[in-house]
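Me: Hi! I'm new to this one, could you walk me through it?
Reply: Happy to, let's have a look together.

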Amino acid sequence: MKYLDEFSDPDLAARLFDDIRATVTRPWALMEVCGGQTHSIIRHGIDQLLPDEVELIHGPGCPVCVTPLETIDKALEIASRPDVIFCSFGDMLRVPGSGRDLFKVKSEGADVRVVYSPLDALRIARENPGRQVVFFGIGFETTAPPNAMTVHQARKLGIENFSLLVSHVRVPPAIDAIMNAPACRVQAFLAAGHVCTVMGTAEYPELAARHRVPIVVTGFEPLDILEGIRRAVRQLEAGEHTVENAYPRAVRAEGSPAARAMLEEVFEVTDRAWRGIGVIPASGWRLSPAYRAYDAEHRFSVTGIRTQESTACRSGEVLQGLIKPHECEAFGTVCTPRTPLGATMVSSEGACAAYYLYRGLSAVDPAADAGSGTREEVTSVG
């Protein structure tokens, strides 16, 4: 594909690998904070082809995965109500709550619909004035602006039967929390390019200086990731800790001023719970007082739900980079994409899903696997 294949060129990848090998002299641990980058790394075998001194740690970069269990249960409670049309992106329907998921609720008769934009949900609200329409708004800084715009439009158009169940999270506070954790081994970060496309890079220099870690903004194709690794390793070897933009074709220092202005109008920063990690101060958004009437959590009075995570699922440790997915005892046996214990196995950006799909590290039922697509271990880029 034009403008895409060039970022998977195996010859250029080989040169980047050679440069990294020639530069590294001691062990370094780098963390990517983006599920899309994680899947690209595992799919193309980048982590296997790097020199042994360079370890990639998979961080909490999947917004579906970090959506807390209590928020999933709130979604299930709201979706179960007969007067509600519950709208969501498809990747949330299989995420397990405390015993069931949105697919199960739908099979029981609830009106759960997959949409491709929050504006689809707003259109459904206009077409069904006698019913409440709720959109499940999750994600990092990337998906927050269109959700904010949709709520803005709902108020502007006077559509009162629309609301948003908000579970938006912010990346910089998560990086801060990771670095403050006692067991942290991370020495550099690959920052998510799509997040910085919206927010810019202004929040990162203070983090890099305070924690003395390089932060390199990268894209999602193999060459993007390798260039980010190359720059991070060069900084580590030189004893530097600055912010670099290795994704200039999409990221500007100021980000998107229009998107940021919409976020500032509709949302306000709040503490947010991350699934498997806990509450991180100032790591999320909620609707501001001017838009509180569109907050589904308050509209349907589901603020008091409390839950207990599965003791068999170690996705919290996976999200913190403390273990690799296949090091969890439930991986590929009790926990599979068809019977997931946690969101990291079912999400399209989850680290457990990436290892299951691309590494063949689990015990697979051949008959079942034949109907779910091929799985292979990729050992080269390009």
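**A chat about the fold**

Reply: Let's begin with strand β3 (residues 84-88) and strand β4 (residues 111-114), which pair in the parallel sense over 4 bridges. Strands pair here if DSSP finds at least two bridges between them, and helices (H or I, at least four residues) and strands (E, at least two) are DSSP runs numbered from the N terminus. This is a predicted model, where local features need pLDDT of at least 70, side-chain atom pairs count only at pLDDT 80 or more, and totals for chains, interfaces and linings use all residues. Residues are numbered from 1 along each chain as its sequence is written, and side-chain values use heavy atoms, with hydrogens and water left out.

Me: Which residue is the bridge partner of Ile85 in β4?
Reply: The partner of Ile85 is Asp111. Between the two strands, the chain passes from β3 through helix α6 (residues 102-107) to β4, and this β-α-β crossover is right-handed. Right-handed means that, with the strands pointing away from the viewer, the path from the first strand over the helix to the second runs clockwise.

Me: What is the strand order in the open sheet of 6 strands?
Reply: The order is β4-β3-β5-β6-β11-β10, and the pairing is mixed. The edge strands are β4 and β10 (267-274), each of which pairs on one side only. From one strand to the next, the twist averages 25°; axes are lines fitted to C-alpha atoms (for helices over the stretch in contact), and angles run from 0 to 180 degrees between N-to-C directions.

Me: How do β6 and β11 run, parallel or antiparallel?
Reply: Strand β6 (residues 162-169) and strand β11 (residues 278-287) run antiparallel, joined by 2 bridges. Val169 has Gly284 as its bridge partner in β11.

Me: Which helix lies across β3, β4, β5 and β6?
Reply: That is helix α7 (residues 118-127), which runs at about 170° to β5 (132-139).

Me: And the sheet of 5 strands, what's its order?
Reply: This open sheet has the order β2-β1-β7-β8-β9, with parallel pairing. Its edge strands are β2 (54-58) and β9 (243-245). Strand β8 (residues 215-218) pairs with β9 over 3 bridges, and Val216 stands opposite Glu244 in β9.

Me: Changing topic: how many disulfides are there?
Reply: A search of the whole structure finds 0, a disulfide being a pair of cysteine sulfur atoms within 2.5 Å. For Cys313, the nearest cysteine sulfur is that of Cys335, 5.8 Å away.

Me: Is helix α9 covered, or what share of it is buried?
Reply: Helix α9 (residues 171-180) is mostly covered, with 8 of its 10 residues buried. Buried means under 20% relative accessible area, exposed over 50%, and partly exposed in between (1.4 Å probe, protein chains only). Among the buried ones are Val171, Ile175 and Met179.

Me: Where does Thr336 lie?
Reply: Thr336 is in the loop between α15 (315-319) and α16 (343-346). Thr336 counts as buried because its relative accessible area is 12%. Leaving out residues up to four places away in sequence, Thr336 touches Met345 and Tyr356; contact means heavy atoms within 4.5 Å.

Me: Zooming out, how many helices and strands does the protein have?
Reply: There are 18 helices and 11 strands. Buried residues make up 54% of the 382 residues. The C-alpha atoms fill a box of roughly 65 × 50 × 45 Å, taken along the principal axes.
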